[in-house]
Amino acid sequence: MAPPGMSGYRWRQLVASLRTPDAVCWICGHSIDIELKFPAPGSFTVHHRVPRSKGGDLLDRANAVPAHLRCNSSLGNRPLVRRRRTSRRW
Ligand SMILES: [Zn+2]
């Protein structure tokens, strides 16, 4: 569910200002191919340095940076826990 404002005019303006051919991922430092479309791991997303849950303004240009989808989601989620093959028997 997108937070209020995420689909509005200001949000689209913000995305457009970040989604440039020379966009560089804020997280890994590599360039972003803006031709790639969601959900390609290398596709463009907007990362918020201060998340909304911590009081960040999602529409603040200073708070928004470009990032790869894979980098953004790896930051946003808990570290992936490798599934272990257990030999536990039920
Ligand atoms: Zn990246």
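How much accessible surface does the protein have, and what share of that surface belongs to carbon and sulfur atoms? The accessible surface comes to about 7300 Å², and 54% of that belongs to carbon and sulfur atoms; areas here come from the Shrake-Rupley method with a 1.4 Å probe, and for residues only the protein chains shown count as cover.

A word before the close-ups: this is a predicted model, in which local features need pLDDT of at least 70 and side-chain atom pairs count only at pLDDT 80 or more, while totals for chains, interfaces and linings use all residues. Residues are numbered from 1 along each chain as its sequence is written, and side-chain values use heavy atoms, with hydrogens and water left out.

**View 1. The overall layout of the protein.** You will find 2 helices and 2 strands here, in the order α-β-β-α from the N terminus on. Helices (H or I, at least four residues) and strands (E, at least two) are DSSP runs, numbered from the N terminus. Of the 90 residues, 31% are buried; buried means under 20% relative accessible area, exposed over 50%, and partly exposed in between (1.4 Å probe, protein chains only). Among contacts with a separation of 6 or more, 56% are between residues 24 or more positions apart, where contact means heavy atoms within 4.5 Å.

View 2. Zoom in on Cys25 (SG), Cys28 (SG), His68 (ND1) and Cys71 (SG), which lie 2.0 to 2.4 Å from the zinc ion. Donors are N, O and S atoms within 2.8 Å of the metal (3.2 Å for Na, K and Ca); water is not among the atoms, so sites may look incomplete. Along the chain, the donors follow the spacing C-x2-C-x39-H-x2-C. Why is the arrangement tetrahedral? The 4 donor atoms subtend angles of 100 to 118° around the zinc ion, and four donors count as tetrahedral if all angles lie between 85 and 135 degrees.

View 3. Cys28 sits in the loop between α1 (9–18) and β1. Leaving aside neighbours within four places in sequence, Cys28 is in contact with His68 and Cys71. Cys28 and Cys71 are 43 residues apart in sequence, yet 7.1 Å apart in space, C-alpha to C-alpha. Cys28 counts as partly exposed because its relative accessibility is 32%, whereas His68 is buried at 3% and Cys71 is buried at 8%.

**View 4. The paired strands β1 and β2.** These two strands run antiparallel and are joined by 5 bridges; strands pair if DSSP finds at least two bridges between them. Look for Val46, whose bridge partner in β2 is Pro66. In β2 (residues 64–68), 5 of 5 residues are buried. Ala64, Pro66 and His68 point one way from β2, and Val65 and Ala67 point the other way. In a regular strand, side chains alternate between the two faces of the sheet.

View 5. His48 belongs to strand β1 (residues 44–48) and is buried, with 13% relative accessibility. A polar atom of the His48 side chain lies 3.0 Å from the backbone oxygen of Leu58. Beyond four places in sequence, the contacts of His48 are Trp11, Asp57, Leu58, Asn63 and Ala64. Asn63 lies in the loop between β1 and β2 and is buried at 6% relative accessibility. Not counting residues up to four places away in sequence, Asn63 touches several residues, including His47, His48 and Arg49.

Notes. Four donors count as tetrahedral if all angles lie between 85 and 135 degrees; four count as square planar and six as octahedral if opposite donors are over 155 degrees apart and all others between 65 and 115; anything else is irregular. A polar contact is a pair of N or O atoms within 3.5 Å; within protein, one must be able to donate a hydrogen and the other to accept it, and residues adjacent in sequence count only if both atoms are side-chain atoms.
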